Amino acid sequence: MAASAAVLRSETRLFAREPGPMFWIVAFPSILLTILGLIPSFREPDPALGGLRVVDLYVPVAVLLAMIAAGIQAMPPVLTGYRERGILRRMSTTPVRPASLLGAQIVLHGAAALGSAVLALAVGRLAFGVRLPGQPFGYVLALLLATLSALALGATVAAASRTTKISNAIGSAVFFPMMFAAGVWVPVQVMPDLLRRIVQLTPFGAASQALNQAAAGDWPGWSHLGIMALWAVALIGAAARWFRWE
Amino acid sequence: MAIIEVNGLRKAYGGRPVVDGVSFAVEEGEIFGILGPNGAGKTTTVECVEGLRVPDGGTVRVAGLDPVADHERVTPLLGAQLQESELQAKLTVREALELYSAFYPRPADWRPLAERLGLDGVLTTRFGKLSGGQRQRLFIALALIGDPRVVVLDELTTGLDPRGRRDTWKLIEDVRDSGVTVLLVTHFMEEAQHLCDRVAVIHAGRVAALDTPQGLIGRAASSTVISLTPSRPLDDADLAALPAVASLERKDGRLVINGTDETVDAVISLLARHRVTAHRLRVADATLDDAFLDLTAVLEEKEA
């Protein structure tokens, strides 16, 4: 127990020493939100969006962007690097299981993503008057499920890649479709009907719908929550099955 | 009782046997060396002792425990320095020492250990910025940090300069003198000869010889080296008649003869008979290097 706490402490310190991932996970989503929010027309209510403004739709997008940056962009190279450079092997010879190192990294990336989500909500509220989620419990549940599927997807990428190079390649191949599904280019809510139906089947498309419903004050649809949960379970299973310790 | 027992150990990778029936026992408090050419199966053997690999056959016991099945009970007793491993690049030396101390139930105090290994000057340096020698010394410190009963050191002094190597040897001797058993993998003969109480020579996945370094040298075909510069050239026929000569070289008027004590006697009487003066006469025991090359040459001949 004390040893796992020491691992978490030490990994937290190391995490804080990496300015790149910290920027992309914590700062970038809120910066993007701020830039979009500064465009005057994005702050005008749009009847086509059911009276919402573009900036309202981009708060959940920024939240999901943080999940994607943490889970898919930042985490897999760290996990594969630990294996590739023999750090896990070295730890296998001590009384502490190397799984605690991976666990610490997963927890830290999840925490950074959630911290970034809170920051995006705060920036939206304070700078652009975006209303806080009307259904906070539903919002938190959707947020946790989205974080879990993002981390599970990242862990699967790490498990499937033999080297850091491969995990970077797979990571960026998955990164762009996931950003699209989260609505970074076109918010999911204004996508054409057929496209939206397809995107809703991906974890981040489903997350986008669930977050928007909760933001509007409704309980998020169980089909959206269910799709995220299914993805998370399937990906955790795949990661656990494929992960190689060396 | 032996603290490490390896019996009929077998391990194959992709159908190719790497370790093929290795057996040896290490007594508590000795420095036991594993010597052998590259690819002989040395590292795989010690990885089985460390519990990093599951043997295909045979048994391994550390203090009576199975390193794989009883991994949790073996790790507190066994410190390991691996041949190729790193730490997190941005972890400082002090953080690494503190972190690894926290892993063990009764760790050694890392401060004197760091001082002993010359790491006290780089405590705030990050792992990624350390030189090869500093990394190596840090890994030796981490192997000792849990106050283990057994340390397994794989290529201990690779990357160290001659001074660092000597200092490390002294440290390992002190560790042994404090009652810790040392299992040492090396391909430096000088290191094995200097440090090891006993040596197992592994060749093609098998133990080719197991003895003290002196014992191995004595077994070799040529255990003595005689070198001299004769005041005038010696007759070829006389040289050819010398007994038990393993090899004879002539370079710039200097003779180097590999042989036995019998050869030494014969050379001295030959010089006396012809009234030849021997300048800079040297008689030296062969080194483990010579013995090792002898032994592996014989083995390769047998295989061929």
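This is a predicted model: local features need pLDDT of at least 70, side-chain atom pairs count only at pLDDT 80 or more; totals for chains, interfaces and linings use all residues.
Chain B has 304 residues, of which 49% are buried. Its secondary structure comprises eleven helices and 13 strands. Along the principal axes, the C-alpha atoms of chain B fill a box of roughly 75 × 45 × 35 Å.

Two sheets of chain B are described in turn. Strands of a sheet pair through backbone hydrogen bonds, and the pairing is either parallel or antiparallel.

One open sheet in chain B is built from three strands in the order β2-β1-β4, with antiparallel pairing. The edges are taken by β2 (16-27) and β4 (57-62) of chain B. Each edge strand has a single partner, so one side of each is left without a neighbour in the sheet. From one strand to the next, the twist averages 15 degrees. Helix α1 of chain B, residues 42-50, packs on this sheet. The helix touches β1, β2 and β4 of chain B, and its direction makes about 120 degrees with that of β1(B).

The pairings within this sheet can be followed residue by residue. Strand β1 of chain B covers residues 2-13 and pairs with β2(B) in the antiparallel sense over nine bridges. B:V6 has B:F24 of β2(B) as its bridge partner. B:Y13 stands opposite B:R16, which also belongs to β2(B). Together, β1(B) and β2(B) form a hairpin with two residues between the strands. In the turn, B:G14 has a positive phi of about 55 degrees. Strand β1(B) is also joined to β4(B), by five bridges, and these two strands run antiparallel.

Another open sheet in chain B has four strands, in the order β11-β12-β10-β13, and the pairing is antiparallel. Strands β11 (247-251) and β13 (278-285) of chain B stand at the edges. Each has a single partner strand, so one side of each lacks a neighbour in the sheet. The twist from one strand to the next averages 10 degrees. Strand β12 of chain B, residues 254-259, pairs with β11(B) in the antiparallel sense over five bridges. Within this pair, B:K251 stands opposite B:R254 of β12(B). Helix α10 of chain B, residues 261-273, packs on the sheet. It touches β10 (224-230), β12 and β13 of chain B. The direction of α10 makes about 15 degrees with that of β10(B).

B:M189 is found in helix α7 of chain B, which spans residues 189-195. The relative accessible area of B:M189 is 8%, so this residue counts as buried, the cut-off being under 20%. B:M189 and B:L288 are 99 residues apart in sequence, yet their C-alpha atoms are 5.7 Å apart in space. Leaving aside neighbours within four places in sequence, B:M189 is in contact with B:L35, B:L288, B:D289 and B:F292.

In chain A, A:A182 belongs to helix α7, residues 164-182. A:A182 is buried because its relative accessibility is 0%. The C-alpha atoms of A:A182 and A:V63 are separated by 9.4 Å, although the two residues are 119 residues apart along the chain. Not counting residues up to four places away in sequence, A:A182 touches A:V61, A:L64, A:I68, A:V188, A:F204 and A:S208.

A:R83 lies in helix α3 of chain A, residues 54-84. This arginine is buried yet has no salt bridge. Its nearest side chain of opposite charge, that of A:E84, is 7.6 Å away. A salt bridge requires a separation within 4 Å. The side chain of A:R83 does have a polar atom 3.2 Å from the backbone oxygen of A:A158. Beyond four places in sequence, the residues touched by A:R83 include A:L88, A:A158, A:A159, A:S161 and A:R162. A:F243, A:R244, A:W245 and A:E246 are also among the residues that A:R83 touches.

How values were computed. Residues are numbered from 1 along each chain as its sequence is written. Chains are lettered from A and ligands numbered from 1 in the order in which they are written. Side-chain values use heavy atoms; hydrogens and water are left out. Buried means under 20% relative accessible area, exposed over 50%, partly exposed in between (1.4 Å probe, protein chains only). Lys and Arg count as positive and Asp and Glu as negative; His and the chain ends are not counted. A polar contact is a pair of N or O atoms within 3.5 Å; within protein, one must be able to donate a hydrogen and the other to accept it, and residues adjacent in sequence count only if both atoms are side-chain atoms. Contact means heavy atoms within 4.5 Å. Two strands pair if DSSP finds at least two bridges between them. Axes are lines fitted to C-alpha atoms, for helices over the stretch in contact, and angles run from 0 to 180 degrees between N-to-C directions.
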